[in-house]
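Biologist: I am new to this kind of file and would like to learn how to read it feature by feature. Could you take me through it slowly?

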Amino acid sequence: MESIFGIAVDGIAYGMILFIISVGLSVTLGLMRVVNLAHGAFAMLGGYVASYAAQSVGLPYVAALIVAVALTVLATLPLERLLYRRIYGSANELSQVLLTIGLTFVIVAGINYLFGPTLKRIPLPDLLTGTVALGPKAIPTHRAFVIGAGAATLVGLWWLLERTDFGIRLRAAVDDPAMAAALGIRTERLYLATFALGTGLAALGGVLGAELLPLEPYYAIRYIVLFLAVVAVGGAGSIFGSAAAALALGIIDTAGKYLIPNFGEFFFYAALILILFRWPHGFFKGRTA
Amino acid sequence: MTSVAERDGKAAAVTRPLPPGRRRDLGWIGIPLVAAAGLAAYWLLPDDLALLTRIAASALFVLSLDLVLGYGGIATLGQAAMFGTGAYAAGIVAVNWNNDPFVMLAAGGLAGGLVALVTGALILHARGLTLLMLTIAVGQIVQEVANKARDWTGGSDGLSGIDPAPVLGLFRFDMFGHTAYLFALAVLVIGLLVARRIVRSPFGLACRGVKEDPLRISAIGGSPKSYLVALYAVAGVFAGVAGALTAVTSGIVGLDSAGFPWSAEALVMLVLGGTGRLYGAVIGTAAFMGIHHVLAASDPFHWMGFIGLFLIGIVLFLPGGIASGVERLGGLLGRKEGGA
């Protein structure tokens, strides 16, 4: 019973981190049809900036979080103009994979050059270090915070995409880019904004998840497979699909590691293959699939 | 669903490359050149035989990826699954039953082909991102199984104690690596010849057809998926033999031989050299591993940054890889000589 509760809390927290990072990938993949393997590198960049801001500059946690997200978005926007624009919607997945792997390598090398190869931490404020009581049980405050942040992201994104002008234009551009452009929607700007949204979510997840996905230079390569798995299972472009997939995979992975630690990642990937074999387009058909 | 098919169809129509026949084809000279360059390297660089051996075995692996990607259009990040399986199969056979190098290669090829056949039949109905994910997942599972089957594979310590018998009973594997290198080079050249035969066969042409336009292939009565599965299995044999070749020549097999980074590296090497040309795989491997050898001595991260920039540059400026650059140069020179 104790372990089931522990698995649920850790699994959901882990799933929420996966969701926050992956949904950014899902949104950009759904709109621009780019398999962006550098997404993990953007998450890592956010984490490193926050770590630097908190540890070396001494900013409080929330300020470091905001600075990290803002700086990551600012730093990556030129990439959209210079690089990503050339591979949007291209039928050639290969050049997308290569360009973004190349970008990942450059970021990994750059991070190592700037911050060194050691593990980086983002110190948590006192407010987040204790536990909160949940009925008869107590769960770590940080876990609760992460779960809350994930839920807030889910609601916020839903509101943004379903209820705002931006969301309406975005969905129009996804469904039929040529028609949207003909109707006067400035798709280039829309792409830029969406790219910024995706990167910002990556950075947010990188900062919030630093406790669960430790920050080191190979972060970008180590975890991108996880993020892609969430998007593939959830269906590209589907917010609720990403959330469901992230939670399911997070809980499966955590349960596997708790209950059968000898098998490590085996269950995660076995589940992935079974799911994708049965639903090749993911649980929820996204807007493009 | 329909809109995706339509869009993909349109996009493919726009980006379709020139038909292979019209491209300046340097293929006929490629294999003798590889053999000659390999032998020249044997005399010119006698101190780097270990590196050269690794290059030859890796080139065979990259060649298998070229078959899948360059001729079948299957973008995969899990080719190392077959390489690792072949390497482990060869190692296990050598340690437990028979250490003849050819038996080891056969075991590796068989194992790699089987894994490719089974997983290919399972995953090749998917396209795009889903397929990429599935190939990655297969690779991770193979690696995880190799890690857990400690009694057979040595787990994370790797499988060691592989001691191959002399080639044909005559040539002993010496500690300087002379035999190992010549053996690896011979296997690579034979592999290139076989691969050339395959891609020029009706089967190879049908696979190309599937890559260019699967709809048309099914319209004239072929089954795109079975062609792709067969091609995947054939490439699996090549990858398995390449894995077995590293087991024979290095005497050890490690977990990283099945890992995701090794698949990604092979992809990088292939693209560096140029897809869809058999000798492109060899050029790419030699260039990548040669530069790596020189640069990585200082700091592995600098090397990563360098290769990353290089990749970005290739995608933006030289989509066909080094081989296409060579061909373009060849085309320019040819035009000058012709005076046209």
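**Reading the fold and the contact**

Modeller: Among contacts in chain B (contact means heavy atoms within 4.5 Å) between residues at least 6 apart in sequence, 78% join residues at least 24 apart. This is a predicted model, where local features need pLDDT of at least 70, side-chain atom pairs count only at pLDDT 80 or more, and totals for chains, interfaces and linings use all residues. Residues are numbered from 1 along each chain as its sequence is written, chains are lettered from A and ligands numbered from 1 in the order in which they are written, and side-chain values use heavy atoms, with hydrogens and water left out.

Biologist: How many helices and strands does chain B have?

Modeller: Helices (H or I, at least four residues) and strands (E, at least two) are DSSP runs, numbered from the N terminus. Chain B has 15 helices and zero strands, and 55% of its 340 residues are buried, where buried means under 20% relative accessible area, exposed over 50%, and partly exposed in between, with a 1.4 Å probe and protein chains only.

Biologist: How should I read the area between chain B and chain A?

Modeller: The size of an interface is often given as the accessible area lost when the parts come together. Here chain B and chain A bury about 4,000 Å² between them, 81% of it on carbon and sulfur atoms; buried area is the accessible area (1.4 Å probe) that two parts lose on being put together, summed over both. On the side of chain B that touches chain A, the elements giving two or more residues are helices H1 (2–15), H6 (128–148), H12 (260–273) and H14 (300–317) of chain B, and H6(B) gives the most, with 14 residues. The contact takes 41 residues from chain B and 48 residues from chain A.

Biologist: Why does A:Asp10 count as buried?

Modeller: A:Asp10 counts as buried because its relative accessibility is 19%, and A:Arg143 is buried at 19% as well. Another salt bridge joins A:Arg171 and A:Glu162 (3.8 Å, N to O); A:Arg171 is partly exposed at 21%, and A:Glu162 is partly exposed at 28%.

Biologist: Which residues form the nonpolar patch on the surface?

Modeller: Patches are made of residues with over 30% relative accessible area and no salt bridge, like charges being joined within 9 Å and nonpolar side chains (Val, Leu, Ile, Met, Phe, Trp, Tyr) within 5 Å. This patch is formed by A:Phe277, B:Leu110, B:Leu114, B:Leu117, B:Val118 and B:Leu122, with about 560 Å² of accessible area together, an area computed by the Shrake-Rupley method with a 1.4 Å probe, only the protein chains shown counting as cover for residues. Helix H5 (residues 101–123) of chain B gives the most to the patch, with five residues. B:Leu110, found in that helix, counts as exposed because its relative accessibility is 60%.

Technical notes: Salt bridge = Lys/Arg side-chain N within 4 Å of Asp/Glu carboxyl O.
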